[in-house]
Amino acid sequence: MSKVLSCIVIDCRSMDECLYRDVLSRLSDDRRALAESFRCFTDRVMSAVAGYCMESLADSLDTKVVKLPNGKPVFERDDMHLSVSHSGGLVAIAWSDGPVGVDVQESRSMGNIASRILSPKESALSDTILLSIWAAKESYVKMTGEGLSKDFRDITVYLDGEFVSPDPGYAFHHFEPCDGFVLQLCGESEVCPSMTMGDVYSLLDSGF
């Protein structure tokens, strides 16, 4: 059974160009190039902070971050698992000694997306619930490793007002890290997760 299920959320919304360059200077060449490849400043910031979080966490665990052929970042050691998500200026990093998936989403109008997300057994009475269902399914396919190749309509995670994992060995943990955001963490069901919120300044000062 997993004994570690942790998540940290970093608020990057106040970062300016100077602080971005500071974070960028701390990255490996590959991660720096990836961050700089984005056209939007917010996307560059989130990529840089996500890269710094992953590389700093890997250092603390005496390992490295490598990419699978599909681009998913993982730890080089097999006994620790990693998941990353970012949206709207927030970056979420989750790690565990069992499979783990995390997804953070900024609240917004969901339009007619329900038909592409909900299974026949699910219904969503509001955009907030629909967004949480979407985040739960994102976290689940990250945890299983299926990724976006999985049709979300084939996955049921929300029944009778409760989030339920399709795999009984795993559970969803719902958080609202700050106003206007939802976060779903999927990990082994018998482990109580640790979730902390911080900003880039505290991350650079204290690390992991």
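Contact here means heavy atoms within 4.5 Å. The structure is a predicted model.

The description starts from the sheet. Four strands form an open sheet in the order β4-β5-β1-β11, and their pairing is mixed. Strands β4 (81-87) and β11 (194-199) are the edge strands, each pairing on one side only. On average, neighbouring strands of this sheet are turned by 15 degrees against each other, direction ignored. Helix α3 (residues 41-60) packs on the sheet and touches β1, β4 and β5 (90-96). The direction of α3 makes about 25 degrees with that of β5.

The pairings can be taken one by one. Strand β1 (residues 5-11) pairs with β11 in the parallel sense, over six bridges. Within β11, Asp199 stands opposite Asp11. The pairing of β1 with β5 is antiparallel and spans seven bridges. There, Ile10 stands opposite Val91 of β5. Strands β4 and β5 also run antiparallel, joined by seven bridges. Ser85 has Ala92 of β5 as its bridge partner. The hairpin of β4 and β5 has two residues between the strands. In this hairpin, Gly88 takes a positive phi near 60 degrees.

Strand β5 is mostly covered, with seven of its seven residues buried. In a regular strand, side chains alternate between the two faces of the sheet. Both faces of β5 are covered. Leu90, Ala92, Ala94 and Ser96 lie on one side, and Val91, Ile93 and Trp95 lie on the other.

The nonpolar interior was examined next. In soluble globular proteins, nonpolar side chains tend to be buried together. The largest nonpolar core holds 31 residues. Ile10, Cys12, Met15, Val49, Phe75, Ile93 and Val200 touch the most other members. At least two residues of this core come from each of β1, α1 (17-25), α3, β4, β5 and α6 (200-206). Helix α3 gives the most, with 10 residues. Beyond its neighbours within four places in sequence, Val200 is in contact with Ile10, Asp11, Cys12, Met15, Leu19, Val23 and Val49. A second, separate core has 21 residues, including Leu118, Trp134, Ala136 and Phe152.

Helix α1 has a buried side. Leu19, Tyr20, Val23 and Leu24 of α1 are buried. These residues cover an arc of only 145 degrees around the axis, so they fall on the same side of α1. An α-helix has 3.6 residues a turn, so residues three or four places apart point the same way. The buried residues of α1 pack against α2 (29-36), α3 and α6. The face turned away from the buried side of α1 carries the exposed residues Cys18 and Ser25.

Lys137 is placed in helix α5 (residues 127-144). Lys137 counts as buried because its relative accessibility is 0%, and the cut-off for buried is under 20%. A polar atom of the Lys137 side chain lies 2.9 Å from the backbone oxygen of Phe152. Leaving aside neighbours within four places in sequence, Lys137 is in contact with Ile117, Leu118, Ser119, Glu122, Phe152, Ile155 and Val157. Among these contacts, Leu118 and Phe152 belong to the second core.

Note on methods
Residues numbered from 1 in each chain as written. Predicted model: local features only at pLDDT ≥ 70, side-chain atom pairs only at ≥ 80, totals over all residues. Heavy atoms only, no water. Buried < 20%, exposed > 50% of the residue type's maximum accessible area, 1.4 Å probe, protein only. Polar contact = N/O pair within 3.5 Å; in protein donor to acceptor, adjacent residues only side chain to side chain. Pairing = 2+ DSSP bridges. Axes fitted to C-alpha atoms, helices over the stretch in contact; angles between N-to-C directions. Core = buried A, V, L, I, M, F, W, Y, C linked by side-chain atoms within 4.5 Å. Arc of directions from axis to C-beta.
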